[in-house]
Amino acid sequence: MNMTKTFITTCVGIASLLFAFAVNAQTTNLPPPLSIQILSQNTLSGVAGDFVTVRGQIMNTGATTLNDVTTYLSLVDTGTKLPVDLEDWSAEKGLYMGSIDAKQILPLSWKIHFVKAGTYSLIIVAEAASNQIPQVSTITHFDVAVKKNLNPGQVLPVALGTPIIILFLLFVLSYRKKVDE
Amino acid sequence: MYFHIWQKEIKGELYTWKSMLWLLISSLLFSVTSYLLLTNKELSLLDQTELLWLLGKVIIGVALLIVTVDASSVITTEFEKETAESIFLSPVSLADFILGKLLSSLTLWLAIFAVSIPYILVTSAGSHLAIPFLAYITFLGTLGVLGFVLLVFAISLFFRSSKNTLTTSLIILLGLSIPAVFSTTLKNDVASQIISRVNPIDNIFSSLDNVLVDYHVSLLQNWQFIVPLIAFCLLAFILLLFAMHQFQRQGVIRSE
């Protein structure tokens, strides 16, 4: 009887251990075997309002297919040391890659709109469903210069002058009519 | 004879406080738009070509609205003030009458265009787009205004009432303007694309986009927008001919 109890307890213990291993194997505490390579320049410069394209590629360096891979951007203002809301910067904040076969390489591309002057650092983050820790790329630096308005010095005289000239013509017209009458 | 009608119209309609006030209002609208586009922090982030396109749409939109409102009353007031009878008793043909009125409406468009020139020049400074911008605003604006004026004149001869003509014309103008300002993502289905192809206002805006944003400045590169505009003018002209025929059949005093 005791032998049976010991056998059952051992079996349950082994089963629990196997289950725990299986669960652990599905979501490991290691980053996924992905390599993110930035193909565009390390530092992208421009004036606020300009568009740049961040290009890269993602490769599954592992021996098995990775499922549910998602890549997204993380942008930090290096001046204020605060993360930046990508709302106006990029229409596509994340790219869902789906499954990536072993040794398969997929392209990555983001069109970025420089919204505000300053210096920023951008990384591409990739996460897979089976891994608790994401994989990150190297940093791309943004150097955004202040946008000088096109010609605010010239628009004001035109914006004010034209209606004033028309108003003046109106008064001349009115005066001439009165004189004629 | 049409020249005298045009002269009379210029003196009586255009060369007055009322018409000059239209020009003042359009100039104020252009001032606010161009000032905001060039100095407002968010708006000035727009690419200069998109900024010019936006200003072009405002110029054409304001001109079409003002000319449509003016054209809605230019013929009908002759019926409402009962001056039409005396005009047609004099040796003035209906064609001369219409041509004179048409020239006066086109003169109003030219006056609005003249007001817009300083704004076009100041906003396109440094972009090498000033000349294509001016040329296409003149060309597309004239075609658009011509089509609308012919259409409004036809409606005027049918209704012979300012109120009905103005209401119908504004509904048509609004009906064509609203889909024209929709973004391209809202024009993905076949029906929207067909409407977009035949809508004269859409064609004006698309051609301006083609010239200013994509820098396709030759007429050959814009034929797909210009042909529907010319077709619209021809259709409006045919409708006007039909309205003139009906008018001559019914006479100046219509028996209701």
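Two residues are in contact here if their C-beta atoms, placed from the backbone, lie within 7 Å. By that rule, and setting aside neighbours within four places in sequence, Ala154(B) is in contact with Ala236(B), Leu239(B), Leu240(B) and Ala243(B).

Some ground rules before I go on. This is a predicted model, in which local features need pLDDT of at least 70 and side-chain atom pairs count only at pLDDT 80 or more, while totals for chains, interfaces and linings use all residues. Residues are numbered from 1 along each chain as its sequence is written, and chains are lettered from A and ligands numbered from 1 in the order in which they are written.

Chain B, then. Its secondary structure is 11 helices and zero strands; helices (H or I, at least four residues) and strands (E, at least two) are DSSP runs, numbered from the N terminus. Of its 256 residues, 40% count as buried. Buried means 20 or more other C-beta atoms within 10 Å of the residue's own, exposed means 12 or fewer, and partly exposed is in between, again with C-beta atoms placed from the backbone. Among chain B contacts between residues at least 6 apart in sequence, 79% join residues at least 24 apart.

Ala154(B) brings us to the core. A nonpolar core is a set of buried Ala, Val, Leu, Ile, Met, Phe, Trp, Tyr and Cys residues joined through C-beta atoms within 7 Å. The largest one has 69 residues, and Ala154(B) is among those that touch the most other members, as are Phe153(B) and Ile112(B). Elements giving two or more residues to this core include α2 (152-180) of chain A, and α7 (130-159) and α11 (223-250) of chain B. The largest share, 17 residues, comes from α7(B). A second, separate core of 22 residues includes Ile58(A), Trp89(A), Phe114(A) and Phe142(A).

Next, the interface: 20 residues of chain A are in contact with 21 residues of chain B. The chain A side divides into 13 nonpolar, six polar and one charged. Here Ala, Val, Leu, Ile, Met, Phe, Trp, Tyr, Cys and Pro count as nonpolar, Asp, Glu, Lys and Arg as charged, and the others, Gly among them, as polar.

Most residues other than glycine have a negative phi. Lys103(A), in the loop between β6 (94-100) and β7 (105-113) of chain A, has a positive phi of about 65°. Lys103(A) is exposed, with 10 other C-beta atoms within 10 Å. Arg160(B) has a phi near 60° and lies in the loop between α7 and α8 (162-180) of chain B. With 19 C-beta neighbours inside 10 Å, Arg160(B) counts as partly exposed.
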